[in-house]
Each structure stands twice: as C-alpha cells, then as structure tokens.
Amino acid sequence: MAYVIGASCVDVMDRSCMEECPVDCIYEGERKLYINPVECIDCGACEVACPEQAITVDRKADPEHRADNRRFFEEVLPGRDAPLGAPGGAGSVGPLGVDTPLMGGR
Ligand code: SF4
Ligand code: SF4
C-alpha cells in the first residue's frame, strides 16, 4: 500500500507534503508531485498536510492516478535512460522537471 497524489496537486505544488514526509519519498515532477509506492511507509502525514486534499490512501484513490503515480517510477521518463525506481529519497534526486504522459509529460 502507499498514498497517492491526485489531480488537485497539478500546478499547485506548494510542497507542504514533502516537508512532512519522514522518509522523503515524495518526488517532484514538472506540474505535480508523485509518491514512490515502494518507499512510502503509509504514515499518512502527507494526507493531512495537503491544503488541496490531493492525497489519499491508494485503496481510495482514483485508479488512474494510482497507476500513474506508479508509472512515474517504473517507466522511463522523458529525457532519462532508465526508470527512476526507488532512489532512496527525493532530496538526492531533486526536481525531475518532467511528468507522466497522463499529466502532459512528453
Ligand atoms: S504516507 Fe507518509 S511515508 Fe507515505 S508519502 Fe505520505 S508522508 Fe511519506
Ligand atoms: S501538499 Fe498537496 S498540493 Fe501541495 S505539493 Fe503536496 S500534494 Fe501537491
């Protein structure tokens, strides 16, 4: 299980959730953020921190966004030559500057 970020984060990206995450598993795309489903420990801290109510536990999330959050880490993003996988923390990776095709990534 993992938490999932939905469409209401798009173009908001205030990063309140990132500040609360104890394992730094919320990664920054160009227009929204994505939770790494492998690294998330399901603590729920990000859900209450989000002013847009964009974050939900995966069993309650929109299936399209649940799959899309996973895709951000499992598929090769534009401009990269390998999937992101589980790099162990967003701080070491920094903003990715790209999104999944669902979110308008190229
Ligand atoms: S549920 Fe906890 S571990 Fe998972 S992304 Fe949110 S703050 Fe991070
Ligand atoms: S707190 Fe909510 S709106 Fe802000 S960046 Fe995180 S998911 Fe997006």
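**Close-up views of salt bridges and the ligand shell**

**View 1. The side chains of Arg31 and Asp11 form a salt bridge, with 2.7 Å from N to O.** In this predicted model, Arg31 sits in the loop between β2 (26-28) and β3 (33-35), while Asp11 belongs to the loop between β1 (3-5) and α1 (16-20), so the pair ties together parts that are 20 residues apart in sequence. Arg31 counts as partly exposed, at 32% relative accessibility, whereas Asp11 counts as exposed, at 53%.

**View 2. Glu28 and Arg15 are joined by a salt bridge whose closest N and O atoms are 2.6 Å apart.** Because Glu28 lies in strand β2 and Arg15 in the loop between β1 and α1, this pair ties together parts that are 13 residues apart in sequence.

**View 3. Asp68, Arg71 and Glu75 are linked into one network by salt bridges that share partners.** Within this group, the closest N and O atoms of Arg71 and Glu75 are 3.8 Å apart. Arg71 counts as partly exposed at 29% relative accessibility, and Glu75 is likewise partly exposed, at 41%. For the model as a whole, the count comes to 5 salt bridges.

**View 4. Ligand 1 is surrounded by 14 residues.** The closest of these residues are Cys21, Cys40, Cys43, Gly44 and Cys46. Sorted by class, the shell around ligand 1 comprises 12 nonpolar residues, together with 1 polar and 1 charged residue.

Key. Residues numbered from 1 in each chain as written. Chains lettered and ligands numbered in written order. Predicted model: local features only at pLDDT ≥ 70, side-chain atom pairs only at ≥ 80, totals over all residues. Heavy atoms only, no water. Near = heavy atom within 4 Å. Nonpolar A, V, L, I, M, F, W, Y, C, P; charged D, E, K, R; others polar. Salt bridge = Lys/Arg side-chain N within 4 Å of Asp/Glu carboxyl O. Helix = DSSP H or I, 4+ residues; strand = E, 2+ residues; numbered from the N terminus. Buried < 20%, exposed > 50% of the residue type's maximum accessible area, 1.4 Å probe, protein only.
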